[in-house]
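Work through these exercises with the structure open beside you. Try each task before you read its solution.

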Amino acid sequence: MRKTTYILPVLAVILAAVFSSVFIVDEREKALVLQFGEVKNVITDPGLAFKIPLVQEVVKYDDRILPLDTQPLEVTPADDRRLVVDAFARWRIQDPVQFRRAVGAGGIETARPRLERILNAELREVLGSVDSGAVLSADRAALMNRILVQSRARASALGVEIVDVRIKRADLPEQNLEATFERMRAEREREAADEIARGNEAAQRVRALADRTVVETVSVAQRDSDITRGEADAKRNAIFAEAFGRDPEFFAFYRSLTAYENSLKGSNTTLVMPPDSEFFDYFKTDTPGK
Amino acid sequence: MASNNGGPWGGSGGDDRGGQNGGGDKRPGGQRPNDPQIPDIDQIVKKGQEQLRVLMGGGGGNGKGGGPDMPKITRGTLGLGLLAIVALWLFASFYRVDTSEESVELLFGKYSSTGTEGLNFAPWPVVTAEILPVTRENTEDIGVGRGSRSDEGLMLTGDENIVDIDFQVVWNISDSRKFLFNIAGPRETIRAVSESAMREIIARSLLAPILNRDRGVIAQELETLIQQTLDGYESGINIVRVNFDKADPPREVIDAFRQVQAAEQTRDTLEKRADAYANQVVAEARGTAAQLLEQAEGYRAQVVNQAEGEASRFIAVYEEYAKAPEVTRKRLYLETLERVLGSVDKVIIDPSADGGQGVVPYLPLNELRNNSNSGGGN
């Protein structure tokens, strides 16, 4: 029993020494082993690692891609319009030794504002060199790339790699919003007026075409009808000519008789005549011929 | 779920999502607790922790020296204790993974393997496991429920108009290892990347196509762009789809847009009415034309028939006449005059008769007319 009273504390001390000299570096981390502030070892591979207890201490840094969101920033592009730009970056600690040197004991929390300053400066510089149109529209991807390249160069001094910079928002300032809305309204009103005008135009066109079609159709029909009537009259004449041409003298006689009969019909005619027409040949004498 | 906790290292109960408990130091990127443990198990675990602490003397924390602080132990309690330790160890080392999940096993913090569904073994405390819901679809709503003033939903188009956009990004974990180890704050990253991508696409486009027909195209493009960016981070995130909920003009100008729609309707109405008018008058004209033509045809038939009748009548008479011209001619003349004079008022004056010169041919024309009008001869 007395043995154990010695063994147990010794065992405990040994265990404690082992536990305090062994540490785990997670897959998500990089670690620095510092000896009185001096970097003795850099551990980038995860797994078990060792240090001298009490003398050395371990500083761990997140090895993942870390977020960085900046506050909305007002920039002035080359054409002096003001834009509100909201960007973000993604970054990771590439060189823990340099990172440690650059930011000291503060770590990531100290690094963030410094990165934000770098990012804002590059945003101002790059966006200030182009027209606002380029920022607002098509060239955005190229601009983001320029900002990324420039800020990456500056951030490498911190031992930091900037993975990506993206412009989240590039807008006109709040004061311009109402003006933009007003312009949008005006454009819509123009469009509405245009629609109605075009509707009227189309309607008028259709009506005019219809009226024209009416006139054309009717006149064509009128023409055809007159042609037909003319043909009919011609045919009539031809028939008569053929028939009456056989004996024009008899026709004259016959037709005259028909005409007398038709025109002197009825009792509304009073005829005053001498009784010496052929009709009355036998009226005075039984042997005409005088 | 993460049932491999319960040692002194997982002092907080260790039921974080992903159940990370190696290293025992602070973890960045606070994860929400989920999958709350069944209280019974919790108690058992707690009890186990206490026993362990007692047995191991609280050692094992990194850098924390543990002094021996043993109570008096009998053989029986020692045996029981050992048994309990083994049981607890087994209990802590086995864990289950659901169909929808995957686990990542870390050997002293270093990635060793990926566990699939079923019962998995991670010998505590050497190996720790983190469970991730890989097939579960997560959604991020962007632009929804914006305040009255400009917020993330209001975006500027290429022609400097403003459009109000809501969309939803549905994502899951495609590579649990990358997801876990490469990126801090995945949700914030997805949100930021999505908004940035959407604004970039909207800035390239004009207003009208966004409002009308290009939504499918934009959703497609957006999905590709988000996925590309996230792949650039090696984030292990898969964008399942992008739901393009809303692309409207901002409410400040929506009335003007409605007016345009109304104007479009008006235009349509005007055109339709004109068409109706055209249809009506053109049809009427066709009717009139048909009428004219038919009338002409009728006229033709009438005239020709009449002529033919008259001609054939004449011919018939003439043929008879030709046989005996003198007699027929006389007869026709007399017959006609008979008919004519028979129905006519007649005054016959013979100027050659005696005293004929003396007759003053006084004609009371009005009287005659009256007589004839009042119905007949004397």
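## Exercise 1: Two helices in chain B

Task: Find the handedness of the crossing of α4(B) and α6(B), then describe how these helices meet.

Solution. The model is predicted.

Step 1. The crossing of α4(B) and α6(B) is right-handed.

Step 2. Locate the helices. α4(B) covers residues 186–204, and α6(B) covers residues 215–232. Their axes come within 9 Å and cross at roughly 135°.

Step 3. Classify the angle. Angles over 145 degrees count as roughly antiparallel and 65 to 115 as roughly perpendicular.

Step 4. List the residues in contact. α4(B) brings V193(B), S194(B), A197(B), M198(B) and I201(B). From α6(B) come I218(B), E221(B), L222(B), L225(B), I226(B), T229(B) and L230(B).

Step 5. Sort them by class. Nine residues of this contact are nonpolar, two are polar and one is charged.

## Exercise 2: A sheet in chain B

Task: State the order of the three strands in the open sheet of chain B that contains β2, and trace how the strands pair.

Solution. 

Step 1. The order is β3-β2-β5, with antiparallel pairing.

Step 2. Start from β2(B), residues 101–107. This strand is mostly covered, with five of its seven residues buried.

Step 3. Go to β5(B), residues 127–133. Seven bridges link β2(B) and β5(B) in the antiparallel sense. Check two positions: E102(B) stands opposite L132(B), and S103(B) stands opposite I131(B).

Step 4. Turn to β3(B), residues 110–115. β2(B) and β3(B) run antiparallel and are joined by five bridges. Here L106(B) stands opposite Y111(B).

Step 5. Find the edges. β3 and β5 of chain B each have a single partner strand, so one side of each is left without a neighbour in the sheet. From one strand to the next, the twist averages 25°.

## Exercise 3: Where the chains touch

Task: How many residues does each chain bring to the contact, and which element of chain B supplies the largest share of its side?

Solution. 

Step 1. Chain B brings 107 residues and chain A brings 100 residues.

Step 2. Find the contributors in chain B.

Step 3. Pick out the largest share. α7(B) supplies 38 residues.

Step 4. Sort the side of chain B by class. It has 54 nonpolar, 29 polar and 24 charged residues.

Step 5. β10 (residues 270–273) of chain A and β10(B) run parallel, joined by four bridges. V272(A) has V347(B) as its bridge partner.

## Exercise 4: Helices across the contact

Task: Are α7(A) and α8(B) roughly parallel or antiparallel to each other?

Solution. 

Step 1. Take the geometry. The axes of α7(A), residues 248–263, and α8(B) come within 9 Å. They cross at roughly 10°.

Step 2. Apply the cut-off. Angles under 35 degrees count as roughly parallel. α7(A) and α8(B) are therefore roughly parallel to each other.

Step 3. Name the residues. α7(A) uses F253(A), L257(A), Y260(A) and E261(A). α8(B) uses R329(B), L332(B), Y333(B), T336(B), R339(B) and V340(B).

Step 4. Sort them. The contact has six nonpolar, one polar and three charged residues.

## Exercise 5: Chain totals

Task: What are the helix and strand counts of chain A and of chain B?

Solution. 

Step 1. Chain A has eight helices and ten strands. Chain B has nine helices and ten strands.

Step 2. Of the 290 residues in chain A, 26% are buried. Of the 378 residues in chain B, 29% are buried.

Step 3. Turn to contacts between residues at least 6 apart in sequence. In chain A, 68% of these join residues 24 or more positions apart. In chain B, 67% join residues at least 24 apart.

Technical notes:
Residues are numbered from 1 along each chain as its sequence is written. Chains are lettered from A and ligands numbered from 1 in the order in which they are written. This is a predicted model: local features need pLDDT of at least 70, side-chain atom pairs count only at pLDDT 80 or more; totals for chains, interfaces and linings use all residues. Axes are lines fitted to C-alpha atoms, for helices over the stretch in contact, and angles run from 0 to 180 degrees between N-to-C directions. A crossing is left-handed if the near helix is turned anticlockwise from the far one by less than a right angle, and right-handed if clockwise. Two residues are in contact if their C-beta atoms, placed from the backbone, lie within 7 Å. Ala, Val, Leu, Ile, Met, Phe, Trp, Tyr, Cys and Pro count as nonpolar, Asp, Glu, Lys and Arg as charged, and the others, Gly among them, as polar. A residue is buried if 20 or more other C-beta atoms lie within 10 Å of its own, exposed if 12 or fewer, and partly exposed in between; C-beta atoms are placed from the backbone. Two strands pair if DSSP finds at least two bridges between them.
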